[in-house]
Amino acid sequence: MIFGFPIISVAIWLPIIFGVLVLSTGDDKNAQMARILALVGSVLGFLVTIPLYTGFVADTSEMQFVEMHDWITRFSIHYHLGVDGISVLFILLTAFFTPLVVLAGWQVIEKRVAQYMGSFLIMSGIMIGVFAALDAVLFYVFWEAMLIPMFLIIGIWGGANRVYAAVKFFLYTLLGSLLMLVALIYLYNQSGGSFSILDFHQVAIPMNAQILIFIAFFFAFAVKVPMFPVHTWLPDAHVEAPTGGSVVLAAIMLKVGAYGFLRFSMPIVPDASHYLSGVMIALSLIAVVYIGLVALMQSDMKKLVAYSSISHMGFVTLGFFIFNAYGMEGALLQMISHGFVSGALFLCIGVLYDRMHSRKIADYGGVANTMPVFAAFFMLFAMANSGLPGTSGFVGEFMVILGAVKANFWYAFAAATTLIFGAAYTLWMYKRVIFGAVANHHVAELTDLNMREKLIFAVLAVTVLGMGLYPLPFSEVMHVSVNDLLVHVARSKLPL
Amino acid sequence: MDLMTNWMSAGAEIFLLVMVCAILIADLLIKQSGRLVTYMLAQITLLGCSLITVGTHENGVVYAFHNLFVDDLMSDVLKLLTYLAMSMMLVYSRQYLTVRGLFTGEFIVLALFAMLGMMVMISANHFLSLYLGLELLSLSLYAMVALQRDSAIATEAAMKYFVLGALASGLLLYGMSMLYGATGSLELGVVSNAIQYGVADKNLLVFGLVFVVSGLAFKLGVVPFHMWVPDVYHGAPTAMTMLIGSAPKLAAFAFATRILVEGLQPLVQHWSGMLIILAVASMAIGNITAIAQTNLKRMFAYSTIAHMGFLLLGLLSGGVEGYGSSMFYAVVYVLMSLGAFGMIMLLSRVGFEADTLNDFKGLNQRSPWLAFMMLLLMFSMAGVPPTVGFYAKFSVLNAVVQAGHIWLAVAAVMFSLIGAFYYLRIVKLMYFDAPESHEPIAVGQDSALLISVNGLAVLLLGLLPGALMSVCAVSVQQSLLLH
């Protein structure tokens, strides 16, 4: 906390308050006001998070900007917030994407604008809360509360099969969460009556309990990541969600699951994490290779990017469970980069969909002829998605592969195939959509990006290139926290 | 024990009885058009009761009327909540009953008599007073369900309710008589001591216990004694369903704790095993069967069964955590149930009951505010934070884990997951589907205000649940003399 100013609380509650204000503008007669209010709220929401980065002390793994108040004294539950090198960047990422999502839905969303914008703002605050919570119950409350706006976003503004996708999304994630809740309550009783996550890190737990807790956490986090084989909700949710929903899902919500592994599974049950790391690595590699192949076969652009996300997140979990600094830092960088790149790709597809109302690759062809500026941006993001050096996508993947070589050459070998598959499915899609002769008269009538869209893509392009060419500002923040986490995880927590 | 203490500790009950009789007579002189006067009198009575309950509150536990009656913190808290629930019930149902011609003096008088029964149950310290309170409550409810004379379905429901309720009362009495035979007393504390230190016949005790638990299960409506619940909930006019589904659950909680904890604590290893079976079966059957319902009132009936199963989980875990969480669960459940049935009544019109799932289609387009309130209530019933329903489940689960039944907790959350589906379906209908009718929703100002307060209370208590949780825990701790 700087000068006693609760930055994190403001970062959480400012978007939520603006969200409620936006909701209160009511029906679509005031749509323009709702949009402007939402934009103001989201930009302010991003601005207040900047001090978290500029004021961050990178040479300690202690929690910073800590806020601690009594909340439910009966169960010694606290309103306990704070950030370390692992979580701070995700808070910025979340706040960064909210204005982009608001802008992306500016014209396209015509019905129930206030509810749409309000949901996104509220969700943005809740997601920041997930990353900042240091009390297990507070974390759980934010974690579950996230489901409600997302459920509505997919269900109200989504595509044809939206109801199925929304319900599947909700129930899948709730299954995992409820098991996690039991595990958290068990830990509360083991730790002698504390719900602090940092206290959980110190509790000694016997091996069989560790394994059960790991499994409970696994269900909660693996569903969100999503890891093979609990990934099947994601393509449905992505395909049916509106553009903004897909962006938030891919850019931020998937990161929440991976973050959970770092904050809960690995430090709380390190022995079980080591014991089961083989399984986790196997599942990660299956995601990387098999889901990469699945992505190759997609005829729907959004589904393709959705599968590509699962494949990339496989990289992230691989990086975690090889237990070395390269792997873990690479995985974190990959998470941030994937946030930018997949968000940008979904926005690109959104741009096409807004004009053509189709996501089928076969309906396109020769878009470069009518939308040259768009084609250039799309090219950059497609390259970043396939991990081209110089883009953000390269840094994380390279470091994870480096880490994997240290652990086991064949892990690295299997993971490196993604450089081929990733390039294959992304660029093949790009070729079919953008290049060639103009496919039909719909494509011939396409108009290029307008100023609003150019602004969104320019911001993202600068970030993707900047992170690719100079990743130091991102990696230096997390360095100490990652090393400390690895030291912590290396210690056994079995009772003596 | 002097006379004054006796009268003081039962002050609210006595005042209520006097007022009910006065209202009964006054109502004879009032024309149907002036029925509002009766209604206002009833609300004033409730207010008076709460003032008396607060005013006569004494620290510690006070026994009165030869230990038939007990006045402790738990009874005072539960009574105050009962008044609140009854008052809300009256507000919600006024318009609904008026357009159906059911807004009569009988309704109000019977409701108040039912409340008197609940209060006696809450404050009973003796098998006889427990039974008297229960019968006063039940008989009033039978009559209220049958109040809509020309409705075949309501009459059928009343008949079923009466026959099965009488059977349950019989079981309960039979069990009590066996316990009396074994211990030689009907007073809860004496029974408990006799079992603990005496040489009571173990077989007879357990036999009596089985009957008492069965009778209790009937009244709570838990599996396998739940068959009356869906029919009664469905058949009764919604206002009566709301009454049955709300305040009596508080009394039922008190009834169960008084018998099982104050009276039969030494037999805990026997009854906690029975409760595990009842609880798991209720959560399973309740949640799974609710999915198949298209009628909202039937769905809520099965959902009640599942919720009562959850409530039993707290009871069987024992200790301040267990009983406190159970009480908290009952209070939260009453709040949610009032809101849910209130919403059904709000959407109903003359000659039309909004009690099927389709009636909620597209509510977000017809009235975003009401849809949002219902959304809060449904997520609360499903136990999703940041609503108070989550903390109810959370505190019960915590008690269950503390008692060492981790697998029971896992089973409970799995059944909650199944339950989430049908609550989610209502949200889905309200938000994702197009409305079937565009008829404007005519809502009285009082009930519109109340549903807003009710829905927001579910949210605000979800953000700051600590106070209510502590009140429940402290009152249980003081009253049941736990440490």
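**A helix and its surroundings**

Modeller: Gladly! Eight of the eight residues of helix α10 (residues 233-240) of chain A are buried, so this helix is largely enclosed by the rest of the structure. Please keep in mind that the model is predicted. The buried residues include the charged pair A:Asp236 and A:Glu240, along with A:Trp233, A:Leu234, A:Pro235, A:Ala237, A:His238 and A:Val239. They pack against six helices of chain A: α6 (147-157), α7 (162-190), α9 (207-224), α11 (243-268), α14 (301-321) and α15 (325-356).

Let's look at the loop between α9 and α10 of chain A, where A:Pro229 is found. The peptide bond leading from A:Phe228 into A:Pro229 is cis, with omega near 0°. Most peptide bonds are trans, and most residues other than glycine have a negative phi. A:Phe323 is not a glycine, yet has a positive phi of about 55°. With a relative accessibility of 18%, A:Phe323 counts as buried, because the cut-off is under 20%.

From there we can follow α15(A), one of the helices that the buried residues of α10(A) pack against. Two packed helices are described by the angle between their axes and the distance between the axes. For α15(A) and helix α21 (residues 451-469) of chain A, the angle is about 155° and the axes are 10 Å apart. Angles over 145 degrees count as roughly antiparallel, and α15(A) and α21(A) are therefore roughly antiparallel to each other. The crossing of α15(A) past α21(A) is left-handed. On the α15(A) side, the contact is made by A:Leu333, A:Ile336, A:Ser337, A:Phe340, A:Val341, A:Ala344, A:Leu347, A:Cys348, A:Val351 and A:Arg355. From α21(A) come A:Glu453, A:Ile456, A:Phe457, A:Leu460, A:Thr463, A:Val464 and A:Met467. Sorted by class, the contact of α15(A) with α21(A) has 13 nonpolar, two polar and two charged residues. As for the spacing along such a helix, an α-helix has 3.6 residues a turn, so residues three or four places apart point the same way.

Beyond α15, in the loop between α15 and α16 (367-370) of chain A, lies A:His357. A:His357 also has a positive phi of about 55° although it is not a glycine. Here the setting is exposed, as A:His357 has a relative accessible area of 57%.

Notes:
Residues are numbered from 1 along each chain as its sequence is written. Chains are lettered from A and ligands numbered from 1 in the order in which they are written. This is a predicted model: local features need pLDDT of at least 70, side-chain atom pairs count only at pLDDT 80 or more; totals for chains, interfaces and linings use all residues. Side-chain values use heavy atoms; hydrogens and water are left out. Buried means under 20% relative accessible area, exposed over 50%, partly exposed in between (1.4 Å probe, protein chains only). Helices (H or I, at least four residues) and strands (E, at least two) are DSSP runs, numbered from the N terminus. Contact means heavy atoms within 4.5 Å. Axes are lines fitted to C-alpha atoms, for helices over the stretch in contact, and angles run from 0 to 180 degrees between N-to-C directions. Angles under 35 degrees count as roughly parallel, over 145 as roughly antiparallel, 65 to 115 as roughly perpendicular and the rest as oblique. A crossing is left-handed if the near helix is turned anticlockwise from the far one by less than a right angle, and right-handed if clockwise.
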